[in-house]
Amino acid sequence: MSRLIVVSNRVSVPQAMGAAGAQGGLAVALGAALRENRGIWFGWSGKETDSFTGHLDMQRNFGVTTATIDLEPQDVDEYYNGYANRTLWPLFHYRIDLTEYDRSFGESYVRVNQRFAESVIPLIEPEDLVWVHDYHLLPLGSMLREKGVTNRIGLFLHIPWPPTRLFVSLPNHEQLVASMLHYDLIGFQTEEWLDSFIHYIKKEMGLKVAKDGTIEYQSRRIVARAFPIGIDYDEFLEASRSADAIGAYDRLKNSLGGNRKMLIGVDRLDYSKGLGERFDSFDRFLTDNPDMAKDVVLLQIAPPSRGDVSSYQLIRHDLERKAGHINGAHADVAWVPIRYVNRGYPRSELAGFYRAADIGLVTPLRDGMNLVAKEYVAAQDEEDPGVLILSRFAGAAPQMQDAVLVNPHSPEEVSDAIKQALAMPLEERRRRHQALLASVRDEDVVRWREHFVEALQGKGADDHSTAGNASPQKVPVKTQ
Ligand SMILES: O=P(O)(O)OC[C@H]1O[C@H](O[C@H]2O[C@H](CO)[C@@H](O)[C@H](O)[C@H]2O)[C@H](O)[C@@H](O)[C@@H]1O
Ligand SMILES: O=c1ccn([C@@H]2O[C@H](COP(=O)(O)OP(=O)(O)O)[C@@H](O)[C@H]2O)c(=O)[nH]1
């Protein structure tokens, strides 16, 4: 079996099962893959150092080897906060109004990708598969090729790919995409994002794309396909049966008082998650349904994210104001409609919170996938499940058609959906939940990584092995 070299911006050091930390499903799944394939997970340590040394911190925890590098403050500012999160993130989430095009960000992005390439190369052995993750590292494959790496290299993009008309607003978009065409496999979360990418490849680059997603470019063949990510269902089920989950469930239920129903939202504090629009919709529901208002509570868990980026500071400020305003307008001495919590919880506790909630309110304006929607379904009591209200703009929506699908931009539509969910008969709740659960359980993260790794190995379809990358290539990468 080939070893797997996983490269991502952040590396999650594996923890013991049931440890207090909030380890994501992706970390668990990649950890399992790395244990099976004897691989290495490489990326940024999350730490800063005065000047870049390239020192590799190698660790082995619970059977997984991680290798991390520290970055300079300027790298973090211009690559992570800058090009990744002020340029690509807003643009790829269709927020051209928030997108900043600053030449220094693009230069740092290229420099840090070069640093990643130089640091990871000594770890790569001839038969290894290299799996690169996300928008932070789009040109990494081309830099590895330039330095002579001939291994199979795949990229998985966790966030949307924007429509061509938006994407072309990115200075040097041509070079960025050309640099991506040095991967053997490019994976997207949904057919929609894949279609947008293929549209760009055909219309802007004039390339031919076969029905199976094979792109021919400079005597290489690149496969582009959708691989929707899932949760680690078994691991999540175990977490949801833990003492932490049961304790969290009891605490929350007891705090509600009487027969009050609860809606839950769990999102990083990010403008893509539609939190302001969600609060507006809940406000509309409270205003339009005064007879039901005091029987419901919205618990919104929103751990702060990317706090050095001004658009994130702004959204935090706006949400505090909005929650305060709605609570001020509707609360009485014994009831506050929105419990707005700016901190994160371990997933075992989240599992208990999800189960205690009658409605999962997942209304991003645009989201690569959204694992919270899947976790909410997995955490429910099958005999008496809650209802998932899901944005049609989440990457999870095509797989979760039995949720109550909404347009998150319409307060009336979301308010109606809340009313519908609160009144939904048990039989309909069970029917919808059964269908959702089947897909969450079957299309899990293990299947996701197995499909991706098989495709990267060229199994299950024609062998799309690259031609023409056996020797180092000069690859121009310019992002600003
Ligand atoms: O590392 P951060 O800057 O703190 O951000 C956290 C992660 O956010 C993004 O998650 C995406 O991946 C999820 C799993 O595929 C998907 O469900 C979600 O829709 C995406 O937004 C980001 O893409 C990751 O790289 C970050 O680590
Ligand atoms: O307090 C929190 C909030 C979120 N999460 C986890 O963070 C992930 C969020 O993933 P999602 O795909 O929904 O969105 P992202 O933040 O990656 O854009 C999920 O696994 C959540 O369980 C967590 O562990 N603790």
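Two strands count as paired here when DSSP finds at least two bridges between them, and the strands themselves are DSSP runs (E, at least two residues), numbered from the N terminus along with the helices (H or I, at least four residues). With that settled, nine strands make up an open sheet in the order S3-S4-S2-S1-S5-S6-S7-S9-S8, with mixed pairing. At the edges stand strand S3 (57-61) and strand S8 (214-217), each with a single partner strand, so one side of each has no neighbour in the sheet. From one strand to the next, the twist averages 25°; for such angles, axes are lines fitted to C-alpha atoms (for helices, over the stretch in contact), and the angle runs from 0 to 180 degrees between N-to-C directions.

A word on the model and its labels. It is a predicted model, in which local features need pLDDT of at least 70 and side-chain atom pairs count only at pLDDT 80 or more, while totals for chains, interfaces and linings use all residues. Residues are numbered from 1 along each chain as its sequence is written, with chains lettered from A and ligands numbered from 1 in the order in which they are written.

Strand S1 (residues 4-10) runs parallel to S5 and is joined to it by four bridges, with leucine 4 partnering leucine 129. S5 also pairs with strand S6 (residues 152-156), again in the parallel sense, over five bridges; here valine 130 has isoleucine 153 as its bridge partner. To get from S5 to S6, the chain passes through helix H4 (residues 140-146) in a right-handed β-α-β crossover (right-handed: with the strands pointing away from the viewer, the path from the first strand over the helix to the second runs clockwise).

A further open sheet has six strands in the order S12-S11-S10-S13-S14-S15, with parallel pairing. Its edges are strand S12 (338-341) and strand S15 (404-406), each with a single partner strand, so one side of each lacks a neighbour in the sheet. The twist in this sheet averages 20° from one strand to the next. Strand S13 (residues 359-362) and strand S14 (residues 387-391) run parallel, joined by four bridges, and valine 362 stands opposite leucine 390.

As for ligand 1, 14 residues surround it, the closest being Asp134, His158, Asp367, Gly368 and Met369; a residue counts as near if its C-beta atom, placed from the backbone, lies within 6 Å. Domain 1 (4-230 + 445-456) and domain 2 (236-442) both contribute to this shell, so ligand 1 lies between them. The domain bounds come from an automatic or database assignment.
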